[in-house]
Amino acid sequence: MPRTIDPERLARYENAVARLDGIKRKGKANPYTAVNGHMFSFLDEESALCVRLSPEAKAEFAAEFGDAPVMQYGSVMRGYVTLPESIAADPEALHTYLRRAMDYVLTLKPK
């Protein structure tokens with residue numbers, strides 16, 4: 001059965017991605033962003049937005065919002081957090097987290 005993506009959440013995600021210079025949303029059925037071969041955000045099966053953060057930023061996020069593991073296809077996505085709706089629905093907060101995720105993966109060795 002094909003996956004159904006929440007159109008409102010997808011539109012918010014696409015608008016936030018459009019604000020990142022040189023980044024395009026990829027994936028038709030599984031929307032995501034990547035740079036230098038490293039994925040840094042995606043919409044999960046429930047259309048929740050997940051981002052990859054540095055260990056320090058992830059610890060800060062966990063202290064404020066909790067540290068539930070992000071799962072994709074039965075595997076834990078290390079370094080990822082699921083953004084709460086309060087962040088995902090706020091264009092500025094969402095942009096900030098996407099930018100932090102992108103900036104972090106830019107520090108990693110390109111694949």
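**Figure 1. Contacts of L83 in the predicted model.** Leaving aside neighbours within four places in sequence, L83 is in contact with L49, V51, F61, L94 and Y97. The structure shown here and in the views below is a predicted model. L83 is also one of the residues of the largest nonpolar core that touch the most other members, together with F40, V51 and L98.

**Figure 2. The largest nonpolar core.** This core has 25 residues, and F40, V51, L83 and L98 touch the most other members. Two or more residues each come from α1 (7–18), β2 (38–43), β3 (49–52), α2 and α4. Helix α4 gives the most, with 7 residues. In soluble globular proteins, nonpolar side chains tend to be buried together.

**Figure 3. V51 in strand β3.** V51 is found in strand β3. Is V51 buried or exposed? V51 counts as buried because its relative accessibility is 0%, and the cut-off for buried is under 20%. Apart from neighbours within four places in sequence, V51 is in contact with F40, S41, G79, Y80, V81, L83, L98 and A101. V81 is 30 residues away from V51 along the chain, yet the C-alpha atoms of the two are separated by 5.6 Å.

Figure 4. S41 lies in strand β2. S41 has a relative accessible area of 0% and is therefore buried. Which side chains make polar contacts with the side chain of S41? One is the side chain of Y13, at 2.6 Å. Another is the side chain of T33, at 2.4 Å. Not counting residues up to four places away in sequence, S41 touches Y13, P31, Y32, T33, L49, C50, V51, Y80 and L98.

**Figure 5. T33 in strand β1.** T33 has its place in strand β1, which covers residues 32–35. The relative accessible area of T33 is 0%, so this residue is buried. With residues up to four places away in sequence left out, T33 touches Y13, V17, I23, K24, R25, H38, M39, F40 and S41.

**Figure 6. Packing of helices α2 and α4.** Two packed helices are described by the angle between their axes and the distance between the axes. Helix α2 (residues 55–65) and helix α4 (residues 91–105) pack at an angle of about 150 degrees, and their axes are 10 Å apart. The angle makes α2 roughly antiparallel to α4, because angles over 145 degrees count as roughly antiparallel. On the α2 side, P55, A57, E60, F61 and F65 meet Y97, R100 and Y104 of α4. Sorted by class, the residues of this contact are 6 nonpolar, no polar and 2 charged.

**Figure 7. Two loop residues with positive phi.** N36 is placed in the loop between β1 and β2. The phi of N36 is near 55 degrees, a positive value in a residue other than glycine. N36 is partly exposed, with a relative accessible area of 35%. Y73 is found in the loop between β4 (71–72) and β5 (75–76). The phi of Y73 is near 50 degrees, again positive in a residue other than glycine. Y73 counts as exposed because its relative accessibility is 65%, and exposed means over 50%.

Notes: Residues numbered from 1 in each chain as written. Predicted model: local features only at pLDDT ≥ 70, side-chain atom pairs only at ≥ 80, totals over all residues. Heavy atoms only, no water. Helix = DSSP H or I, 4+ residues; strand = E, 2+ residues; numbered from the N terminus. Buried < 20%, exposed > 50% of the residue type's maximum accessible area, 1.4 Å probe, protein only. Contact = heavy atoms within 4.5 Å. Axes fitted to C-alpha atoms, helices over the stretch in contact; angles between N-to-C directions. Parallel < 35°, antiparallel > 145°, perpendicular 65-115°, else oblique. Nonpolar A, V, L, I, M, F, W, Y, C, P; charged D, E, K, R; others polar. Core = buried A, V, L, I, M, F, W, Y, C linked by side-chain atoms within 4.5 Å. Polar contact = N/O pair within 3.5 Å; in protein donor to acceptor, adjacent residues only side chain to side chain.
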